[in-house]
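Open the model in your viewer and keep the selection panel handy. We will go from one selection to the next and say what is there.

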Amino acid sequence: MQNANRVLRLTSRPDGLPGPEHFTLTDEPGRALAPGEVRIASSFISIDPAMRVWMDERPGYTPGVKLGEVMRALAVGEVVESRADGLAVGAWVEGTFGLQSHPVVSSGQARLVDARLGSPEDYLTLLGLPGVTAHLGLFEIAGLKSGETVLVSAASGGVGQLVGQIARAYGCRVVGICGGAAKCEMVLREFGFDAAVDHSQSDTDLNRALAEACPNGVDVYFDNVGGRILEMALNHIRDFARIVICGRISQTAGQPVHPIGNLGEMLVHRARMQGFTVGDHFHCWPAARQDLARLRDEGLLRTELHLLEGIENAPVALGMLFRGENRGKMAVRVL
Ligand SMILES: NC(=O)c1ccc[n+]([C@@H]2O[C@H](COP(=O)([O-])OP(=O)(O)OC[C@H]3O[C@@H](n4cnc5c(N)ncnc54)[C@H](OP(=O)(O)O)[C@@H]3O)[C@@H](O)[C@H]2O)c1
């Protein structure tokens, strides 16, 4: 008797925010394994802003999910049945296993998790996509140096909270941009940022608040949101600043595109702006993870995980990201 598989398939495409109405939940019988395949019991499924992009027909840097397909998602789980060499029952693995409780994948699609470095939860946060993204963005893309001022948007979120803490651990002054006073308080008190700025204020007030929080200007702006906040941040860059384009969540769920009117700041300050995706840097992941585990062990990193219980809540969790309702890295626990 195979494990039944609880599956969320994409069944319609959103114009705006993603929600339960775009998915169909089914309980499907598990199929027999072919040689080289494993069956995984997913424990945690990562809920990422990129999933909204994958719901569009128009491809981003990865193709969209087709209607009727299992929704694409990253997950961490345990091998419960194996016909693959090197992936024994009981091994912990990570991969793009989708919104399903018991994925069957070929051995090449499942990466072994090094349990000596951290727990399965760690592989959702500091050792997972958020941590590696933050680390690579700061060091490989921005070339971070001690003593610099780092500004990061969506600062209390999965990536942002780690950008700030890593930069601070490397001797930088760290300023976070967040939606609302509670999140500003969170990055100051829980993640040790030096200053926090609430983006829910007028352009004039936001500019003034950024100038006060970054009196010497910004050396590295780690952009998780794009649009208006990117434009505001550019008003505060220093000479030779680096702008890391990590995400553009404010521009991906049907909102009107905000034109950036001050790109001249890039020339005035001889700045560099670079987009990146962690998937292009797989060769850097092991070293980044070692460094992240070291920082955690030295008490310099902590993570806030926002878990919803049950795979059926994945569409709700995805919508929460776009309304700023998550408190830390968003994920679902598969029950
Ligand atoms: N390049 C890569 O390889 C890579 C890898 C992973 C993630 N990312 C990107 O990194 C960013 C952060 O991802 P995450 O998983 O850590 O998400 P997150 O920051 O935990 O959650 C998203 C946050 O974005 C903010 N937000 C949502 N809509 C917004 C809007 N219209 N304007 C301004 N802020 C808005 C909200 O924070 P506030 O309430 O504080 O506004 C929300 O909590 C995303 O853009 C994601 O696509 C990129």
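**Before you start.** This is a predicted model, in which local features need pLDDT of at least 70, side-chain atom pairs count only at pLDDT 80 or more, and totals for chains, interfaces and linings use all residues. Residues are numbered from 1 along each chain as its sequence is written, and side-chain values use heavy atoms, with hydrogens and water left out.

**Stop 1: the domains.** Colour 5–125 + 303–333 as domain 1 and 129–279 as domain 2; these bounds come from an automatic or database domain assignment. Their centres, taken over C-alpha atoms, are 28 Å apart. Where they meet, 20 residues of domain 1 are in contact with 17 of domain 2 (contact means heavy atoms within 4.5 Å).

**Stop 2: the ligand.** Select the 27 residues around the ligand (a heavy atom within 4 Å); Val159, Lys183, His199, Asn224 and Asn326 come nearest. By type, the shell has 13 nonpolar, 12 polar and 2 charged residues. Here Ala, Val, Leu, Ile, Met, Phe, Trp, Tyr, Cys and Pro count as nonpolar, Asp, Glu, Lys and Arg as charged, and the others, Gly among them, as polar.

Now zoom in on the oxygen atoms of the ligand. A side-chain N or O atom of His199 is 2.7 Å from a ligand oxygen, a backbone N or O atom of Val159 is 2.8 Å from one, and a polar backbone atom of Val278 is 2.9 Å from one. Taken alone, the ligand exposes 910 Å², and the protein buries 89% of that (Shrake-Rupley method, 1.4 Å probe).

**Stop 3: Gln161.** Select Gln161 in helix α3 (a DSSP run of H or I, at least four residues).

**Stop 4: Glu148.** Finish in the loop between α2 and β8, where you will find Glu148 (strands are DSSP runs of E, at least two residues). Show its side chain: Glu148 makes a polar contact of 2.7 Å with the side chain of Arg242. A polar contact is a pair of N or O atoms within 3.5 Å; within protein, one must be able to donate a hydrogen and the other to accept it, and residues adjacent in sequence count only if both atoms are side-chain atoms. A polar side-chain atom of Glu148 also lies 3.0 Å from the backbone nitrogen of Lys145.
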